[in-house]
Amino acid sequence: MIVSREAFRDLVREAVELLPTELRREVKNVDLVIEDRPTQEDLEVAGLEPGHTLLGLYHGVPLPFRGHESYNLVLPDKISIYQEPIESVCRNRDEIVEQVRITVLHELAHYFGIDDDRLHELGMG
Ligand SMILES: [Zn+2]
């Protein structure tokens, strides 16, 4: 299922609007960007197991792991949402809506220091 970039952007925006207020406030500190697909470097950073599709990626230092003085020196946090891989695993618009929502939540959870194992347990892996 393929949608226009504009429609996809709206879905990401809606996913953010569905977040609880406290989480939404934190999203403002993160650069949330839509990209066509991950780069080779992104795939390496993510360290995906074979057969898995990378739908999104959190780039940055999770909140609990930051030192106070040094963090100002690094790039701002960024969450990438990859449109083409999401489209490729969804058969209809409803599935895209759901997948975008899960991906935004999943990557935001990494920002809060929750790892993939824990997210898997929560059904958000
Ligand atoms: Zn993850």
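Glu95 and Arg91 form a salt bridge (a side-chain nitrogen of Lys or Arg within 4 Å of a carboxyl oxygen of Asp or Glu), with their closest N and O atoms 2.6 Å apart. Arg91 is exposed at 70% relative accessibility, while Glu95 is partly exposed at 22%; here buried means under 20% relative accessible area, exposed over 50%, and partly exposed in between, using a 1.4 Å probe and protein chains only. Before going on, please keep in mind that this is a predicted model, in which local features need pLDDT of at least 70 and side-chain atom pairs count only at pLDDT 80 or more, while totals for chains, interfaces and linings use all residues. Residues are numbered from 1 along each chain as its sequence is written, and side-chain values use heavy atoms, with hydrogens and water left out.

The structure holds 7 salt bridges. One of them joins Arg5 to Asp36, with the closest N and O atoms 2.3 Å apart. Arg5 sits in helix 1 (residues 5-17) and Asp36 in the loop between strand 1 (31-35) and helix 3 (40-46), so this pair ties together parts that are 31 residues apart in sequence. Helices (H or I, at least four residues) and strands (E, at least two) are DSSP runs, numbered from the N terminus. Both partners are partly exposed, Arg5 with a relative accessible area of 28% and Asp36 with 37%.

Glu107 is buried yet has no salt bridge, and the nearest side chain of opposite charge, Lys78, is 12 Å away. Lys and Arg count as positive and Asp and Glu as negative, with His and the chain ends not counted. Beyond its neighbours within four places in sequence, Glu107 is in contact (heavy atoms within 4.5 Å) with Gly56, Leu57, Tyr58 and Ile79.

Finally, have a look at where the helices and a strand line a pocket. Helix 3, strand 2 (56-59), helix 5 and helix 6 (116-121) each supply at least two residues of the lining of the largest pocket, and helix 5 gives the largest share, 7 residues.
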